[in-house]
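Please have the sequence and the structure open side by side. The paragraphs below go through one region of the structure step by step.

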Amino acid sequence: MARATLLFDSKSVLADGAIIQMRIWLVPAPVRGSAHQLKYSLFYGRDGVRLVGYDNEAGKGDHRYYGAREEPYRFTTPERLMADFRADVARLRGEPI
C-alpha cells in the first residue's frame, strides 16, 4: 500500500505564545470527501484553543474553522489554501493582510 508523502511542514511559535502549524501531504488517493490528492492540516491557536483551522478530515472533506464557525472550504491549489489561511490568521490578529 502506498504511503502519504509529506510535502510541507512548518511550525512557528509567535511572541504572544500563539502557534501556527501547517502540514500538507500527497496521498495515493483523495481523502473521502475531497477531490484532490492532498491531505492538509493548518492550525492557528493559543492556550490549546484552535482559533483558525483548515483541514480535510475523511468524511467532512475540505473545510475551515474560524473562531466557533465551521464551514466548507473550496480547495483550488495549495498556494491558495495557505494564502487564505494566512489571511484569516492576519485578520484575527488585527494585522494587515
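β4 and β5 pair in the antiparallel sense, over four bridges; strands are DSSP runs of E of at least two residues, numbered from the N terminus, and two strands pair if DSSP finds at least two bridges between them. Asp55 has His63 of β5 as its bridge partner. This is a predicted model, in which local features need pLDDT of at least 70 and side-chain atom pairs count only at pLDDT 80 or more, while totals for chains, interfaces and linings use all residues. Residues are numbered from 1 along each chain as its sequence is written, and side-chain values use heavy atoms, with hydrogens and water left out.

On to the next strand. β5 is also joined by four bridges to β6 (residues 69–72), and these two run antiparallel. Tyr65 has Glu70 of β6 as its bridge partner. β5 and β6 form a hairpin with two residues between them, and Gly67 in the turn has a positive phi of about 65°.

In a regular strand the side chains alternate between the two faces of the sheet. In β5, His63 and Tyr65 point one way and Arg64 and Tyr66 the other way, and all are buried, that is, under 20% relative accessible area with a 1.4 Å probe and protein chains only.

Asp62 sits in the loop between β4 (49–55) and β5 (63–66). What surrounds Asp62, not counting residues up to four places away in sequence? Asp62 touches Gly33, Ser34, His36, Tyr40, Asp55, Asn56, Pro72, Tyr73 and Phe75, where contact means heavy atoms within 4.5 Å. Its side chain makes polar contacts (N or O atoms within 3.5 Å, one able to donate a hydrogen and the other to accept it within protein, and residues adjacent in sequence counting only if both atoms are side-chain atoms). The partners include the side chains of Tyr40 at 2.7 Å, His36 at 2.9 Å and Ser34 at 3.4 Å.

Asp62 is buried yet has no salt bridge, which would need a side-chain nitrogen of Lys or Arg within 4 Å of a carboxyl oxygen of Asp or Glu. The nearest side chain of opposite charge, Lys39, is 8.4 Å away; Lys and Arg count as positive and Asp and Glu as negative, with His and the chain ends not counted.

His36 lies in the loop between β2 (19–26) and β3 (38–46) and is buried, with a relative accessible area of 13%. The side chain of His36 also reaches the backbone nitrogen of Leu38 at 3.2 Å. His36 and Phe75 are 39 residues apart in sequence, but 8.6 Å apart in space, C-alpha to C-alpha.

Key
Buried < 20%, exposed > 50% of the residue type's maximum accessible area, 1.4 Å probe, protein only.
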